[in-house]
Amino acid sequence: LKLLLGGRFDIANQRIVNTYPTDASAQQTVFSPRVGLVYQPIPAISLYAAYGRSFRPLINVFDGGTLSKPERGTLYE
């Protein structure tokens, strides 16, 4: 039995300058975990399972000068 634990901490700073009607800025902080498990009952067979999260900041400005929320993804394997 083998276990993989990991994580990633992202900090994304966004700043939009000279947009109509005002400038906009935002900071997003996100923790993305990663977990994997391998079970090998005999040398010829391995069973694997994994879970992970992803993060991608988006750069879109709305009419009120606010920035869009980041995209989040989830992996099940």
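This note walks through the structure point by point, from the overall chain to single residues.

1. **Ground rules.** This is a predicted model: local features need pLDDT of at least 70, side-chain atom pairs count only at pLDDT 80 or more, and totals for chains, interfaces and linings use all residues. Residues are numbered from 1 along each chain as its sequence is written, and side-chain values use heavy atoms, with hydrogens and water left out.

2. **Overall layout.** The chain has four strands and zero helices. Along the sequence the pattern reads β-β-β-β. Both kinds of element are DSSP runs numbered from the N terminus: helices are H or I with at least four residues, strands are E with at least two.

3. **Burial and surface.** Of the chain's 77 residues, 21% count as buried. Buried means under 20% relative accessible area, exposed means over 50%, and partly exposed lies in between (1.4 Å probe, protein chains only). The chain exposes about 6100 Å², and carbon and sulfur atoms supply 56% of that. Accessible areas come from the Shrake-Rupley method with a 1.4 Å probe; for residues, only the protein chains shown count as cover.

4. Take the contacts between residues at least 6 apart in sequence. Of these, 42% join residues at least 24 apart. Contact means heavy atoms within 4.5 Å.

5. **Nonpolar patch.** Leu1, Leu3, Leu5, Val35, Leu37, Tyr39, Ile42, Ile45 and Leu47 form a nonpolar patch on the surface. Together they have about 900 Å² of accessible area. Patches are built from residues with over 30% relative accessible area and no salt bridge; like charges are joined within 9 Å, and nonpolar side chains (Val, Leu, Ile, Met, Phe, Trp, Tyr) within 5 Å. E1, strand E2 (24-42) and E3 each give two or more residues to the patch. E2 gives the most, with four. Valine 35 sits in strand E2. At 33% relative accessibility, valine 35 is partly exposed.

6. **First salt bridge.** The structure holds two salt bridges. The term means a side-chain nitrogen of Lys or Arg within 4 Å of a carboxyl oxygen of Asp or Glu. One joins arginine 8 and aspartate 10, with the closest N and O atoms 2.9 Å apart. Arginine 8 is exposed, at 55% relative accessible area. Aspartate 10 is buried, at 13%.

7. **More on aspartate 10.** Aspartate 10 belongs to strand E1 (residues 2-16). Its side chain also has a polar contact of 2.9 Å with that of arginine 8. A polar contact is a pair of N or O atoms within 3.5 Å; within protein, one must be able to donate a hydrogen and the other to accept it, and residues adjacent in sequence count only if both atoms are side-chain atoms. Leaving aside neighbours within four places in sequence, aspartate 10 is in contact with Gln28, Thr29, Val30, Ser32 and Phe55.

8. **Serine 32.** Serine 32 lies in strand E2. Buried or exposed? Serine 32 is buried, with a relative accessible area of 5%. Beyond neighbours within four places in sequence, serine 32 is in contact with Gly6, Gly7, Arg8, Asp10, Arg53, Ser54, Phe55 and Arg72.

9. The side chains of glutamate 71 and arginine 56 meet in a salt bridge of 3.1 Å, N to O. This pair links distant parts of the chain: glutamate 71 is in strand E4, arginine 56 is in strand E3, and they are 15 residues apart. Glutamate 71 is partly exposed, at 39% relative accessibility. Arginine 56 is partly exposed too, at 46%.

10. **Around glutamate 71.** Leaving aside neighbours within four places in sequence, glutamate 71 is in contact with Ser54, Phe55, Arg56 and Leu58. Glutamate 71 and phenylalanine 55 are 16 residues apart in sequence, and 5.9 Å apart in space, C-alpha to C-alpha.

11. **Aromatic pair.** The structure holds one aromatic pair. Tyrosine 51 and tyrosine 76 form it: 5.4 Å centre to centre, 50° between the planes, hence tilted. Rings of Phe, Tyr and Trp (its six-membered ring) pair if their centres lie within 6.5 Å; planes under 30 degrees apart count as stacked, over 60 as edge-to-face, and the rest as tilted. Tyrosine 51 lies in strand E3 (residues 45-56) and tyrosine 76 in strand E4 (residues 71-76), so the pair ties together parts 25 residues apart in sequence. Tyrosine 51 is partly exposed, at 28% relative accessible area. Tyrosine 76 is exposed, at 66%.
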